[in-house]
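These are my notebook entries on one protein chain. I set out what I looked up, entry by entry.

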Amino acid sequence: MHLSEPISPAAFIGNQAGLMLRILLLLALLLAAPFLAGCRHNDPPEPAAAPGAAAHAALTLSSSSLEEGRIPKELTCDGSDQSPSLAWSAPPAETRSLVLTETDPDARGGTFTHWLLYNLPANTNGLPASVPKQEQLADGSLQGRNDFGNIGYGGSCPPHGSTHRYFFDLFALDTNLNVPAGATRAQVEDAMNTHVLARGKLVARYSR
């Protein structure tokens, strides 16, 4: 008859301790999962194209203020906090208005809105530097509220010791938006969904 080797008290305690350690590690991973997911930053969302339109046809967006893809200090919270000049190619003939946003997808807590303009006239081919920080501009276009809580442009201001990306997105729409001045990006993006005819993107970086 085969007799199994008896398990010593020390070995039993060691096995129990190992099992408990594995259970604690598993619980720690499960608890950390939502936090890790919340720290993941995605690029700004893309509103849906208008019915019958080519999905986000390309617009060319450029800026003489952003050399080599870098935002100069004078356009940030470390300088005069003024907006850059921008230029873009002609939108599709069906365009009724334009929307421009500037966002930071690397901000802690989620994408941060720095600038929001909408109902820009369809024949507009650019913006000068230092756009006034007011709800309505001379051409009738409107400005929304940035995530600093202010109307108009809010310059780049990442934490010290970091480099953030800043997305300038231009959208050509087949409609004018029925959204009041001072709206949020979420309100504007909701209104422009399924109305996008074309899109242009420009990415620049700023380091502190």
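The model I worked from is predicted. I began with D104, which is found in strand β4, residues 97–104. I noted that the backbone nitrogen of A107 lies 3.4 Å from a polar atom of the D104 side chain. I also found the side chain of D104 joined to that of H164 by a polar contact of 2.7 Å.

I then asked which side chain of opposite charge is nearest to D104. The cut-off I applied for a salt bridge was 4 Å between a side-chain nitrogen of Lys or Arg and a carboxyl oxygen of Asp or Glu. Leaving out residues up to four places away in sequence, I listed what D104 touches: G110, T111, F112, H114, H164, R165 and Y166.

I asked how many disulfides the structure holds, and found one. C77 and C157 form it, with their sulfur atoms 2.2 Å apart. I recorded 80 degrees about the S-S bond, and the link of C77 and C157 is right-handed. C77 sits in the loop between β2 (61–62) and β3 (86–88), and C157 in the loop between β7 (142–143) and β8 (163–173), so the pair ties together parts that are 80 residues apart in sequence.

Entry 3, a sheet. I traced an open sheet of three strands in the order β2-β3-β6, with antiparallel pairing. β2 and β6 (126–127) stand at its edges with a single partner strand each, so one side of each is left without a neighbour in the sheet. I found that β2 and β3 pair in the antiparallel sense over two bridges. S62 stands opposite A87 in β3.

I recorded two helices and nine strands in the protein. From the N terminus on, I read the elements as α-β-β-β-β-β-β-β-β-α-β. Of the 208 residues, 38% count as buried. For contacts with a separation of 6 or more, I noted that residues 24 or more positions apart account for 72%.

Methods:
Residues are numbered from 1 along each chain as its sequence is written. This is a predicted model: local features need pLDDT of at least 70, side-chain atom pairs count only at pLDDT 80 or more; totals for chains, interfaces and linings use all residues. Side-chain values use heavy atoms; hydrogens and water are left out. A disulfide is a pair of cysteine sulfur atoms within 2.5 Å. Helices (H or I, at least four residues) and strands (E, at least two) are DSSP runs, numbered from the N terminus. Two strands pair if DSSP finds at least two bridges between them. Buried means under 20% relative accessible area, exposed over 50%, partly exposed in between (1.4 Å probe, protein chains only). Lys and Arg count as positive and Asp and Glu as negative; His and the chain ends are not counted. A polar contact is a pair of N or O atoms within 3.5 Å; within protein, one must be able to donate a hydrogen and the other to accept it, and residues adjacent in sequence count only if both atoms are side-chain atoms. Contact means heavy atoms within 4.5 Å.
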